[in-house]
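Here is a short tour of some strands and their partners. Keep the structure in view while reading.

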Amino acid sequence: MPQKDSGKIVAKKGSTFAEALKAAGVKNAIAALVDGAEYDLSTVAKQDTTLEPIFPDSPRGLKILRHSTAHLLAHAVMELFPDARPNAGPPTDDGFYYDIDMKPINQEDLERIEERMHQIASRNIAVERENLSRKELLKLFAWNQYKLDKIMENVPEGESSTVYRQGDFVDFCRGPHVPSTGYLKAFRLLSIASTHYKADENRPMLVRIYGTSFPDEKSLKEFLKNREEALKRDHRKIAQEMDLLVFNSERAPGFPFYTPNGMIIRQELMNFMARLNRQYGWEEVSTPHIYRDVIWKQSGHYAKYKPNMYLFTLSDGDSYGVKPMNCPGHITIFERTPKSYKELPVKYCEPGTVYRYEKSGEVGGLTRPRMFTIDDGHGFMRFDQIVGEVRSIMEMVKATFSGILGHVDMTFDLSEIDKNSPENYLITYHCNRCGTDVEARKAAMEEELVCPSCGSTDLSPDFSTWDTATGQLRQALDEAGLEYAENPGEAAFYGPKIDVHVKDALGRMWQLSTIQVDFFMPTNFGLYYINSESKHDRIVMIHRAIFGSYERFMAILIEHFAGKFPTWLSPLQAYIVPVSEKFNDYAIEVEKFLKGSGIRARADTGTETMNKKIKIIRQMRPSYILVVGEREEQGKSVSVRNRKDKTSVISLEEFQKKLLKEIEECRVEQTL
RNA sequence: GCCGCUGUAGCUCAGCAGGUAGAGCAGCUGAUUCGUAAUCAGCAGGUCGGGGGUUCAAAUCCCUCCAGCGGCUCCA
């Protein structure tokens, strides 16, 4: 059993951390924590040192374990492929990888490498840390340009750094690592991929081997089982089985086509959102999909987004762009009349379909399509209204996910400006000579920023607008009692934002909702309102989406529910099977009765046997299977089989009543 | 876009030391009328992703294009 926190352990001067832990009766530790820094167990205390053991089942320990397993991987590769040149092998969220310059390998090679890793692990070779001077390091790794690059980048002239050695294998590394290869027991190589050195297309291609590692076999098995489950739930596979959508790779690569079944789910989600929007004061509008290029120039999308847009020019010379975003359309509606401060906020929403050209290698399934529909909303408001509106949107977010998933496990990010690189953002600059304020995003400018009134180049960034807006987002989160992570540098260039992540049934986090404050576009479009002093004042826009996109959200729901949608979303709510042809009439009667109240019911009067029908319909994942025969016909009842294969006999009217209630309430669990 | 893998019937896949295609399911026809996870028989279905080349002969070998999948953020 892994040990719990064993309180304070002191390594006496001159003894190793391993000895100290042993003396304290601590077993299974793989490293030690001293003042927040991680150390090898072989570290010798320079003075009496208070340390904390790191166990492999803790987050820190797991990282170390996986990092060591990455070394083991490189070690095995070097034994099998002496020409290989390892680059980098870090731990990741659920395992590790190692990037190696070598000839492409196949699945068999992967198995051989894994086998060799087990061999090396069982040799239980000590993993030893050595401190070497820069010069020694460069000499040691003279054979490997990648390591040389790292040494030169990371070890200043005249300084030293560390390597880790296990037998013949040595790696330039900060560590810490497990004491010996024998600590690595439960690991598995998962896949072969490839990657450019430093993610730069112009640099050489490296083989990336992914793997994972756990403290024990049981956790590994669990992980692999989970992974397999995720594969089984792949939305592309289930969407195929349930006939929800198709892709036609020749006619429209990357564009989803919804079939009638898929459209049912999509439509239900849209209805759900439409209702919520009405409830929270978001008015639905509809905007064109194609615009003259002038609007894209004005919005700034051309400057930043042009390579991802579908553009065309007609024979009369007019150029058009298909919309990659909905905001310009909503702005066009908003600006049709001047607005008084009393009218704000104005909130428009639309299930807005956008088209974005994704490079061929980037498209895939519903998560990266080239066309998707955002449950988009743009609020136009005064500065002082941000907090209230953000809070209201947060309520919508909560209502949405607790309503659809039945529980809410969410995390929040507050993405802020990186004040060290103001040039990347649209901010105000204050002229130090004449006091004029000018707004600019320096990174997008070709010439130096000068004061528009006096021509001075002495301008200082003024973060006050950003600070206020960020403060308002923070306040909204605080007032809602939510915990959140603050991420400097993650803001959009036009304003700070809140991102919402939701956990699915497999424990994966998905970024869904986003709430963004925007100063940029209102400026570009010259949006204003008339304040109480009859003066023009600045409009602030909030962009928000709750599902994100219908496509992506559907994909996530498919995987979350493994296709077994709550009844209100299910394309087939009642599948009716007559016991034999004799009862076809009653089956049709049941179908008609249920359909009459809007239930998606289908009687199968085909010539197959009942058993076969039940078997085949399984992949369509109907909510309920109704078997009807003589008894049911006599008693005007149905034999109901739910998704857990529980059967019950109930009167037809009662069934209809209960089903309607289940649908009406968007119940996640079946009630029958 | 780049790298690797893959592309054979509606679906899942076999065939690939080169000798012009095969199975199961789905579909169609007929028989069967059946109480909760596949009744039986027959039929039909593919210019093997597109194009080019090598060859007497290409699904199979070579080139090229297209598409799908996994990666291309985690840094020693």
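Two strands count as paired if DSSP finds at least two bridges between them. The pair β19 and β29 (residues 528-530) has two bridges and runs parallel. This is a predicted model.

**The sheet with β19**

S340 has I530 in β29 as its bridge partner. β19 and β29 belong to an open sheet of three strands, in the order β19-β29-β30. The pairing in this sheet is mixed. Its edges are β19 (339-340) and β30 (536-538), and each of these pairs on one side only.

**Around β18**

β18 covers residues 319-322. Which way do its residues point? S319 and G321 point one way, while Y320 and V322 point the other way. In a regular strand, side chains alternate between the two faces of the sheet. Residues S319, Y320, G321 and V322 are all buried.

β18 pairs with β16 (residues 290-292) in the antiparallel sense, over three bridges. There, R292 is the bridge partner of Y320. β17 (residues 311-313) also runs antiparallel to β18, again with three bridges.

β17 and β18 form a hairpin with five residues between the strands. Within this hairpin, G317 takes a positive phi near 95°.

**Strand pairs side by side**

| Pair | Sense | Bridges |
|---|---|---|
| β16 and β18 | antiparallel | three bridges |
| β17 and β18 | antiparallel | three bridges |
| β19 and β29 | parallel | two bridges |

Technical notes: Residues are numbered from 1 along each chain as its sequence is written. Chains are lettered from A and ligands numbered from 1 in the order in which they are written. This is a predicted model: local features need pLDDT of at least 70, side-chain atom pairs count only at pLDDT 80 or more; totals for chains, interfaces and linings use all residues. Side-chain values use heavy atoms; hydrogens and water are left out. Buried means under 20% relative accessible area, exposed over 50%, partly exposed in between (1.4 Å probe, protein chains only). Helices (H or I, at least four residues) and strands (E, at least two) are DSSP runs, numbered from the N terminus.
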